Amino acid sequence: MARSSAVARSCVRRTMTTESVGPPIPPTSSSQPNPSPPPPDTKARPSRLAYPVPRPAPTHTSNHLRQSTHPHLGGRSLGLPPTFGRNQLLPVSDSTRALLEQIVRSFDAPVRYAFAYGSGVFEQTGYDHVDGDIVDTSKPKRKQNRADKPMLDFIFAVNHPDHWHSINMHQYPGHYPLHARMLGSSFVTKVQEMGPGVWFNTYVPMHDVTIKYGVTSVDTLCTDLLNWRTLYLAGRMHKPLRIIKDDARVRLTQQVNLTSALRTALLMLPSQFTPRDLFMHIASISYTGDPRMVLPAENRNKVKNVVDRQEGQFRELYWRLAHGLPGVRWSVGSDVVEQDVSPQARVAHMKKLPQGLLDRVHARMRERGGVSREADEYAYWIRVAGDESMPEILQQEMCKIVRYPATVQTLKGVVSAGVSKSTRYAAAKVGKWWKGVGSSSPSS
């Protein structure tokens, strides 16, 4: 864990220039004499390994209090200031917040980090508030009922997936298909590790709503946030989400992930653009290469529907980060964003892209020939950043990153949900695709 935290701190120093990591240690005064060392303690003390200090018992403190004080973050061990990552704390209504916290508290298995996302948490075009609930507005009001509410989507990051599924399978056996219960938690964990490293339990009734929750390990989540190994989790976290249970290490790597998405979008945009253009580019990253967007399995207007109703949340996520990047000018409340598009300015963004994407860019440039990085690094970076086709290269390489893990996860759905739930879920996705085709056809 200490090594993972050190890696996270190193990536933050490489990727971000917007927030300090911790206060400097004040120098000691040379005028004061050094105190004499205390006399040696000859009493035998019990070993810390033999008698470890117990962890404090978990408390169900209200989430808005945790957000202001962060008593459980362990931020001191990572050197994080109290306000670090405050842009990630997006507000929701009190009723939604209470429901989300109640659902997470219902699980006996320990959850290290949890967030909720999607149309069940934040408004999207095609859904609206009716009597305090978000419902599908494509149906006549007289036919709307609780079943028309979108499913609440969760991601749980845990320390030990095998142990977690064992506890959860004992508490909620009905969340798992019959074959998964028979084969046990080890089988579930092995399937989870395939592709992007997530296991989903879907169509789960809980507290008068229907939820879908994905389980992943903290290491898998942080690796994807830092390096964009699959962009499956990192891409979802580019968009607004509601943190229910926080963790210092994840918050640190999520700030890197948000900054990486911002830098990538800036490299694909001209010198002047609107905040909406920026948000559309960021929101589309996780859908680039997703087979569901090609097959009749997702609403074709998904990105537009998300951005249309969530511009305020996108602005809260990215404005402070953009304001701290060199060469970016985005005034408070302004509808115009300007950036320096010189090769020198773009080099600063290119060098700090996630390693998974940057390695692919290097491979593409080697195929083209020209000045090698080893021969003249400065000339190499100027050539890369000034390449007019770089936006297209970035788009293509992100598509390759997303395609395989997203395809594997789609196929895993049959195993994790079972035939019945998979068929129901696929039918719902086809319905969303058909609705997207119908809404876009008049403008085509």
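## Packing of helices H8 and H10

In this predicted model, the axes of helix H8 (residues 218–227) and helix H10 (residues 248–267) come within 8 Å and cross at roughly 25 degrees, where axes are lines fitted to C-alpha atoms over the stretch in contact and angles run from 0 to 180 degrees between N-to-C directions. H8 is therefore roughly parallel to H10, a label used for angles under 35 degrees.

Val218, Asp219, Leu221, Cys222, Leu225 and Leu226 in H8 meet Arg249, Val250, Thr253, Gln254, Val256 and Asn257 in H10, contact being taken as heavy atoms within 4.5 Å. The residues of this contact divide into seven nonpolar, three polar and two charged, with Ala, Val, Leu, Ile, Met, Phe, Trp, Tyr, Cys and Pro counted as nonpolar, Asp, Glu, Lys and Arg as charged, and the others, Gly among them, as polar.

## Aromatic pairs

The structure holds 15 aromatic pairs, defined for rings of Phe, Tyr and Trp (its six-membered ring) whose centres lie within 6.5 Å. The rings of phenylalanine 279 and tryptophan 330 have centres 6.1 Å apart and planes at 50 degrees, so this pair is tilted, being neither stacked (under 30 degrees) nor edge-to-face (over 60). Phenylalanine 279 lies in helix H11 (residues 275–284) and tryptophan 330 in the loop between strand S9 (328–329) and strand S10 (337–339), 51 residues apart.

Phenylalanine 279 counts as buried at 0% relative accessibility, and tryptophan 330 is buried at 2%, the cut-off being under 20% relative accessible area with a 1.4 Å probe and protein chains only. Elsewhere, ring pairs link Phe107, Phe154, Phe156, Trp164, Tyr172 and Tyr213 into a cluster.

## Basis of the values

Residues are numbered from 1 along each chain as its sequence is written, and side-chain values use heavy atoms, leaving out hydrogens and water. Local features need pLDDT of at least 70 and side-chain atom pairs count only at pLDDT 80 or more, whereas totals for chains, interfaces and linings use all residues.

Technical notes:
Helix = DSSP H or I, 4+ residues; strand = E, 2+ residues; numbered from the N terminus. Parallel < 35°, antiparallel > 145°, perpendicular 65-115°, else oblique. Buried < 20%, exposed > 50% of the residue type's maximum accessible area, 1.4 Å probe, protein only.
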